[in-house]
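Biologist: I would like to learn how to read the features of a structure that is new to me. Could you walk me through one?

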Amino acid sequence: TVDSDLALLLGFACFCLGFHSPHAQVVELYPHKIRTARVSIEEPVDRRASMHNRNQLLKKSMRSSIRLEPTLKKSLRNSMISMRQLDALSELKELEEEDESEIIGEEEDEQEQLQSPLPTFPKGAQLGSVMNCVSETPPADYNIRGPNYLKDKKKVPSGPFLFPFRGVDLFLTDLCPENVGSNPGVMGGHLGEKPTFIVNFRLPWAVLLFYAEIPAKLLPFLHACYESNYDKSKLPSMDKMTGPERAAARYLMGNDEHKNETLKIVPVVVKGPWVVKSVVGGKPAIIGNKMPVTYYYQPRVGDRAEYLEMDLDIVASSAARGILSVVKSYTSILTLDLGFVVEGKKEDELPEQMMVGSRLHSIDPLTAPPLPPMPQQFMDLLA
């Protein structure tokens with residue numbers, strides 16, 4: 001069996017580096033299978049240069065992300081993933097040594113740059129038929145702790161999400177910034193319209209951002225945690241809350257340690273290769289045990305609503321780096337669900353209820369836009 005770190009990160013890591021995408025040629029295992037399209041001589045030069053720069057960024061980041069430590073390599077040999085795939089790493093050197101003119105000539109099929117936030121998957125469309133979009137996962141697809149879990153260990157389908165889903169962003173950047181919510185360009189410039197919980201997956205070449213609205217009834221608990229002048233004696237009573245609402249309120253009001261010990265990620269491969277499904281089976285995992293986590297809170301300023309951002313350093317785990325080197329040969333198309341739930345540790349916090357969940361439909365990272373410049377970067381350019 002695969003270590004829990006590997007099981008958690010496998011599907012997400014290969015998704016983030018584009019290994020699932022049928023068009024992500026820069027991370028294709030076998031160069032002779034790359035699907036290419038010659039660039040027309042009438043195509044604007046800046047379009048070719050933009051695509052070339054994004055290709056180079058992804059290649060550079062992938063080379064730095066897949067190096068295996070000897071101890072990790074030994075560990076992975078004991079897993080169910082075939083280590084013969086490590087031999088394919090040598091083929092990456094061929095990609096590194098390609099002439100720049102050939103790289104520009106072998107551009108992928110013409111695709112428009114993705115918008116912010118990512119487009120919504122068309123209702124009624126067949127899974128795998130439309131790529132580069134997201135949707136809200138059916139909450140009942142997640143199995144979580146039932147009302148008597150502490151006694152019978154039984155799980156049940158989740159009820160409706162506690163936090164309304166707002167959207168997902170994918171931005172290319174070699175800075176991998178924290179506190180991305182402070183960037184006025186994220187979520188198409190509409191982030192500040194509602195109080196928002198942000199999950200920021202910090203990758204070596206991009207940031208993947210999940211947005212969910214924080215319900216009004218839970219905002220006082222968020223304020224009580226981060227605003228020193230908040231009068232906690234005026235906090236609403238939790239007596240009339242449901243178990244999952246109570247757990248979410250305690251999560252928002254808790255310190256970083258409490259947050260790290262209670263928020264779980266639930267990855268589920270909806271459509272993809274069997275080997276990926278076999279190790280990413282929807283088992284929840286405490287995020288704070290898997291990778292470094294940093295929190296940022298921005299209070300309401302004028303008409304711009306508050307937000308709480310959770311930044312995850314996904315490449316800090318040696319297990320993640322190992323995964324990136326072995327899964328790419330198995331993945332061609334991947335539809336992935338990522339959900340988040342506060343763990344019900346007490347009887348009055350059960351049954352659990354998913355906080356938010358999103359379905360990612362074969363997103364090609366080569367079509368992602370660059371991260372909008374931060375205000376300070378504007379100042380640096382003017383200096």
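**Rings, strands and cores**

Modeller: Let us begin with a charge over a ring: Lys259 lies over the face of Tyr251, 5.7 Å from the ring centre. Keep in mind that this is a predicted model.

Biologist: Which other ring has Lys259 over its face?

Modeller: That is Tyr295, with Lys259 at 6.0 Å from the ring centre.

Biologist: How many aromatic pairs does a search of the whole structure find?

Modeller: It finds seven. In one of them, the ring centres of Phe197 and Tyr251 are 6.3 Å apart with the planes at 90°, so this pair counts as edge-to-face. Phe197 belongs to strand S5 and Tyr251 to helix H8, so the pair ties together parts 54 residues apart in sequence.

Biologist: Where do the residues of the largest nonpolar core come from?

Modeller: This core has 51 residues, and Phe163, Phe197 and Tyr251 are among those that touch the most other members. Its largest share, five residues, comes from helix H8 (residues 243-253). A separate second core of 11 residues includes Phe171 and Tyr307.

Biologist: And how should I read a strand?

Modeller: In a regular strand, side chains alternate between the two faces of the sheet. Here, look at strand S6 (residues 206-213), where seven of the eight residues are buried. S6 runs antiparallel to strand S4, joined by seven bridges, with Phe165 opposite Ala212. S6 also pairs with S5 in the antiparallel sense over seven bridges, and three residues separate S5 and S6 in a hairpin.

How values were computed
Residues are numbered from 1 along each chain as its sequence is written. This is a predicted model: local features need pLDDT of at least 70, side-chain atom pairs count only at pLDDT 80 or more; totals for chains, interfaces and linings use all residues. Side-chain values use heavy atoms; hydrogens and water are left out. Buried means under 20% relative accessible area, exposed over 50%, partly exposed in between (1.4 Å probe, protein chains only). Helices (H or I, at least four residues) and strands (E, at least two) are DSSP runs, numbered from the N terminus. Two strands pair if DSSP finds at least two bridges between them. A nonpolar core is a set of buried Ala, Val, Leu, Ile, Met, Phe, Trp, Tyr and Cys residues joined through side-chain atoms within 4.5 Å. Rings of Phe, Tyr and Trp (its six-membered ring) pair if their centres lie within 6.5 Å; planes under 30 degrees apart count as stacked, over 60 as edge-to-face and the rest as tilted. A charge sits over a ring if NZ of Lys or CZ of Arg is within 6 Å of the ring centre and within 35 degrees of the ring normal.
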